[in-house]
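Opening the notebook on this one.

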Amino acid sequence: MRKTLTKSLSTAIPRPSRPYVHGSRYPFPVYTPPKPTILYPNANFSSNPRWIFNNSVPLPEWVQPFSDVSDLITDPKNLHPSPWVHQILNLLDNSPNMEQNLDSYCLKFLIKLPPSFVAFVLRSEALRRESDVAFRFFHWAGKQKGYAHSIECYVVLIDVLSVSGDLDRIRGVFGGFKNTGLLMNVSAANSLIRSFGGLGMVEELLWVWRQMKENGIEPSLYTYNFLMNGLVNSMFIESAERVFEVMEGGKVGPDVVTYNTMIKGYCKSGKTQKAIEKFREMEVRNVEPDKITYLTLMQACYSEGDYDSCLSLYQDMEEKELEIPPHAYSLVIGGLCKDGKSLEGYFVYENMIRRGCKANVAIFTSLIDSYAKCGNMEEALRLFKRMKSDGFEPDEVTYGVIVNGLCKTGRLEEAMEYFEFCKGSNVAINAVFYSSLIDGLGKSGRVDEAEKLFEEMVEKGCTRDSYCYNALIDALAKSGKIDEALALFKRMEDEGCDQTVYTYTILISGLFNEHRNEEALKLWDMMIDKGITPTAASVRALSIGLCLSGKVARACKIIDELAPMGIILETASEDMINVLCKAGRIEQACKLADGIVDRGREIPGRVRAILINALRKAGNADLAMKLMHSKIGIGYDRMGSIKRRVKFRILVDS
């Protein structure tokens with residue numbers, strides 16, 4: 001009787017079948033448990049313990065991320081994701097009800113997601129850029145009954161969060177991981193070091209490193225390189241150096257990636273010379289540098305203005321027949337052009353084309369600018385046309401270079417045509433356009449047009465910078481409108497635009513030309529009080545102005561006062577002697593020459609040569625010959641027991 005009852009009950013309550021998705025070997029119906037059939041409605045089973053049975057639903061089943069994990073599978077790479085993976089991913093929609101939907105689905109199909117499944121879903125491409133969804137799913141999975149995250153779950157989530165740079169969440173997840181006491185393994189350590197290194201999280205990075213040591217995990221070259229990269233990205237250059245030294249003396253030696261990382265660190269910290277030394281060391285240790293090595297060094301040399309080293313590295317790449325990236329060509333051509341070596345830059349450009357590498361807008365612009373600054377506008381315009389014929393659209397920088405070059409060579413009408421074309425073609429008009437045109441118009445005496453352009457800048461919403469102000473102030477000062485120039489100087493201050501040393505130089509020179517010497521000196525004092533360091537041009541403007549106004553001693557005193565400030569101008573004396581001789585003030589020039597020698601600022605022979613050349617340039621050949629054939633300046637006369645140098649003033653006294 002008992003056997004018959006058991007058999008009847010087993011057929012009455014069907015067991016849930018295996019899940020099914022289209023294309024799978026198992027059916028996947030939407031499972032709804034049927035009501036059990038009661039065979040004996042009048043029986044009182046509870047009164048007899050032998051008749052008790054459990055009619056509750058089955059316990060939830062832990063599902064795996066792969067559809068078949070039987071022993072028949074020999075290659076684990078050929079495993080296909082379980083149909084459950086797709087169903088769960090569809091529910092991860094970042095909606096407010098996402099967690100509730102996951103609960104309902106898992107309850108309906110009597111499933112639970114183990115750590116291997118959670119890690120697999122977190123690693124999927126669908127969640128790679130969805131850090132919020134990944135974090136919510138991780139948090140939801142951790143609340144499952146009987147569940148505990150594996151180390152893989154923590155590591156994969158940190159990797160996903162590192163893509164978005166969510167440091168706060170990463171620290172929270174990592175803190176939870178540390179509290180679990182899970183043992184570190186090689187794969188987890190490498191992944192964490194890569195994530196923390198890329199984000200510059202040095203404290204976490206070093207914790208993982210210590211855990212590796214404590215657990216006896218031997219770091220691989222991969223581990224070392226990611227550790228080095230993390231330290232360098234965080235600017236812990238000295239720590240990176242120590243790791244590098246450990247690698248040099250250990251089982252795992254540095255490779256080209258390690259060297260590149262160390263070189264990058266030196267370049268980022270401004271230690272370019274050390275970077276070059278490390279580069280030379282690669283050759284000694286038979287580690288072949290790659291294009292990244294060269295490009296890193298070239299970028300550093302270019303930033304420091306060392307264009308010769310940049311060119312040398314490029315030539316080294318050519319000799320080794322390495323692939324030269326387009327950016328490397330840009331650096332070399334740009335450096336040569338900045339050095340005024342247009343032909344050399346053009347040669348590198350032609351070599352680039354021969355190698356099948358296409359130029360870019362930056363390369364064309366550098367070449368055009370270089371030719372324009374050399375005054376060769378025809379070649380600059382030819383390159384401009386070639387640039388367009390090669391399919392490159394000039395940007396505002398390129399047009400700015402063309403306009404500036406045309407203005408410098410006096411071709412103002414052509415410059416204005418390009419300017420109008422840019423305005424009509426929606427090319428961004430910046431301050432460079434206006435500065436070039438204002439400067440060109442001002443130098444050609446078209447000051448009114450320059451002023452109109454200056455005011456137009458505000459209407460067009462273009463911010464006026466120091467260059468624009470200086471260009472118009474210079475035009476006004478040179479056209480004799482010094483009061484208007486001073487008014488613009490005051491306006492410049494009111495609008496919060498920096499007054500540069502060039503601004504002061506223009507006005508000081510303009511005031512001296514108008515014989516307003518005291519105002520010029522006040523401006524000089526104002527410049528010094530503001531902490532603006534004088535340049536050779538500003539000192540020349542002041543000293544020449546004072547000399548021409550007969551205040552030679554004052555000029556000498558100011559020049560002497562600049563010496564304690566570290567400003568020593570070798571040509572100041574020469575400039576003053578030249579201007580005095582040119583103005584026919586030979587006596588003052590001779591007194592100045594004597595004063596220079598007496599103060600020990602120049603050797604007598606050099607001062608004598610300066611004075612001879614100044615007299616010759618001023619057309620006073622007789623005095624120049626007389627000085628040349630005399631002992632003046634370098635000879636001595638004896639007056640009893642006293643030996644005295646022959647003064648320059650004797651030249652005009654005798």
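**Entry 1: α28 against α30**

I started with helix α28 (residues 536-548) and helix α30 (residues 572-582), whose axes come within 9 Å and cross at roughly 35°. An axis here is a line fitted to C-alpha atoms, for helices over the stretch in contact, with angles running from 0 to 180 degrees between N-to-C directions. Helices are DSSP runs (H or I, at least four residues), numbered from the N terminus. The crossing of α28 past α30 is right-handed, meaning that the near helix is turned clockwise from the far one by less than a right angle.

Next I listed who touches whom, with contact taken as heavy atoms within 4.5 Å. From α28 I noted R540, S543, I544, C547 and L548, and from α30 D575, M576, V579 and L580. That contact splits into six nonpolar, one polar and two charged residues. For the classes, Ala, Val, Leu, Ile, Met, Phe, Trp, Tyr, Cys and Pro are nonpolar, Asp, Glu, Lys and Arg are charged, and the others, Gly among them, are polar.

A note on the source: this is a predicted model, where local features need pLDDT of at least 70 and side-chain atom pairs count only at pLDDT 80 or more, while totals for chains, interfaces and linings use all residues. Residues are numbered from 1 along each chain as its sequence is written, and side-chain values use heavy atoms, with hydrogens and water left out.

**Entry 2: how enclosed is α30?**

Eight of its eleven residues are buried, so α30 is largely enclosed by the rest of the structure. The buried ones are A572, S573, D575, M576, I577, V579, L580 and C581. What covers them includes α28, α29 (552-562), α31 (586-598) and α32 (604-617). Just past α30, I saw that G584 has a positive phi of about 80°.

**Entry 3: α12 against α14**

Helix α12 (residues 256-268) packs on helix α14 (residues 291-303) at about 5°, axes 9 Å apart. On the α12 side I found V256, N260, I263, K264 and C267, facing I292, T293, T296, L297 and A300 of α14. By class, this contact has six nonpolar, three polar and one charged residues.

**Entry 4: salt bridges**

How many salt bridges are there in the whole structure? My search turned up 40, counting a side-chain nitrogen of Lys or Arg within 4 Å of a carboxyl oxygen of Asp or Glu.

I looked up E318 with R355, which pair at 3.9 Å, N to O. E318 is in helix α15 (residues 307-319) and R355 in the loop between α17 (342-354) and α18 (361-373), so the bridge ties together parts 37 residues apart in sequence. E318 is partly exposed at 24% relative accessibility, and R355 is partly exposed at 40%.

E379 and R382 have their closest N and O atoms 2.4 Å apart. Both sit in helix α19 (residues 377-389), three residues apart, about one turn. E379 is buried at 18%, whereas R382 is partly exposed at 35%.

Last, I noted that K408, D439, K443, D474 and K478 are linked in a network of salt bridges.

How values were computed
Helices (H or I, at least four residues) and strands (E, at least two) are DSSP runs, numbered from the N terminus. Buried means under 20% relative accessible area, exposed over 50%, partly exposed in between (1.4 Å probe, protein chains only).
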